[in-house]
Amino acid sequence: QVQLVESGGGLVQAGGSLRLSCVASGRTFSSYVIGWFRQAPGKEREFVAAISRGGASTSHAASVKGRYTISRDNGKNTVYLQMNNLKPEDTAVYYCAAGQGGLRVKNYDYWGQGTQVTVSS
């Protein structure tokens, strides 16, 4: 049982940057792998990045590798997604999720409400 709230989305020009935040409630935040997923109109929700419980290990989708960086601060119950060199194809609703980890939506039990990221050309 954990509640997640994303923030930091908005409108940005191609080549710009945004930093998304995911703030969790509760006292068991460090028990979960945290993932970021995104969903564009008409498409399925897809994996973006994930970070291990202690933050030592990360994984990024090939489409964002080198541009996005996931990190976490367990003391603040917060996970971040730094997004640089944004492209129009990055436009989507971005969700953070807590669970067992991996690339599959099914592996995550708790989800935030999402935050809209729009990248203009």
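Is A50 buried or exposed? At 8% relative accessibility, A50 counts as buried, where buried means under 20% relative accessible area, exposed over 50%, and partly exposed in between (1.4 Å probe, protein chains only). You're looking at a predicted model, so local features need pLDDT of at least 70 and side-chain atom pairs count only at pLDDT 80 or more, while totals for chains, interfaces and linings use all residues. Residues are numbered from 1 along each chain as its sequence is written, and side-chain values use heavy atoms, with hydrogens and water left out.

**Around A50**

- A50 is part of strand β5; strands (E, at least two residues) and helices (H or I, at least four) are DSSP runs, numbered from the N terminus.
- Setting aside residues up to four places away in sequence, A50 touches V33, I34, G35, S57, T58, S59, I70 and Y108, with contact meaning heavy atoms within 4.5 Å.
- From A50 to F37 it's 13 residues in sequence and 8.8 Å in space, C-alpha to C-alpha.

**The disulfide**

- A disulfide is a covalent bond between the sulfur atoms of two cysteines; here the cut-off is a pair of cysteine sulfur atoms within 2.5 Å.
- The structure has 1 disulfide, and the partners are C22 and C96, with 2.0 Å from S to S.
- That pair links distant parts of the chain: C22 sits in strand β3 (residues 18–24) and C96 in strand β9 (residues 92–99), 74 residues apart.
- The link of C22 and C96 is right-handed, with 65 degrees about the S-S bond.
- Both C22 and C96 are buried.

**Aromatic rings**

- A pair of aromatic rings is described by the distance of the centres and the angle of the planes.
- Rings of Phe, Tyr and Trp (its six-membered ring) pair if their centres lie within 6.5 Å; planes under 30 degrees apart count as stacked, over 60 as edge-to-face and the rest as tilted.
- By that rule, there are 6 aromatic pairs.
- One of them is F37 with F47, an edge-to-face pair at 5.7 Å centre to centre and 80 degrees between the planes.
- F37 is in strand β4 (residues 33–39) and F47 in strand β5 (residues 46–51), so this pair ties together parts that are 10 residues apart in sequence.
- Y95 and W111 have ring centres 6.5 Å apart and planes at 75 degrees, so they make an edge-to-face pair.
- Y95 lies in strand β9 and W111 in strand β10 (residues 108–111), so parts 16 residues apart in sequence are tied together.
- Y95 is buried, with a relative accessible area of 13%, whereas W111 is partly exposed at 25% relative accessibility.
- Ring pairs link F37, F47, Y95, Y108 and W111 into a cluster.

**Charges over rings**

- A charge sits over a ring if NZ of Lys or CZ of Arg is within 6 Å of the ring centre and within 35 degrees of the ring normal.
- R45 lies over the face of Y95, at 3.8 Å from the ring centre.
- R72 has its charged end over the ring of F29, 4.5 Å from the centre of that ring.

- D90 sits in the loop between β8 (78–83) and β9.
- D90 counts as buried because its relative accessibility is 0%.
- The D90 side chain makes a polar contact of 2.7 Å with the side chain of R67; a polar contact is a pair of N or O atoms within 3.5 Å, where, within protein, one must be able to donate a hydrogen and the other to accept it, and residues adjacent in sequence count only if both atoms are side-chain atoms.
- Another polar contact, of 3.2 Å, joins the side chains of D90 and Y68.
- Apart from its neighbours within four places in sequence, D90 is in contact with R38, R67, Y68, N85, V117 and V119.

- Most residues other than glycine have a negative phi.
- N77 isn't a glycine, yet its phi is positive, near 50 degrees.
- You'll find N77 in the loop between β7 (68–73) and β8, and it is buried at 17% relative accessibility.
- N85 isn't a glycine either, and it has a positive phi of about 50 degrees.
- N85 is in the loop between β8 and β9, and at 41% relative accessibility it counts as partly exposed.
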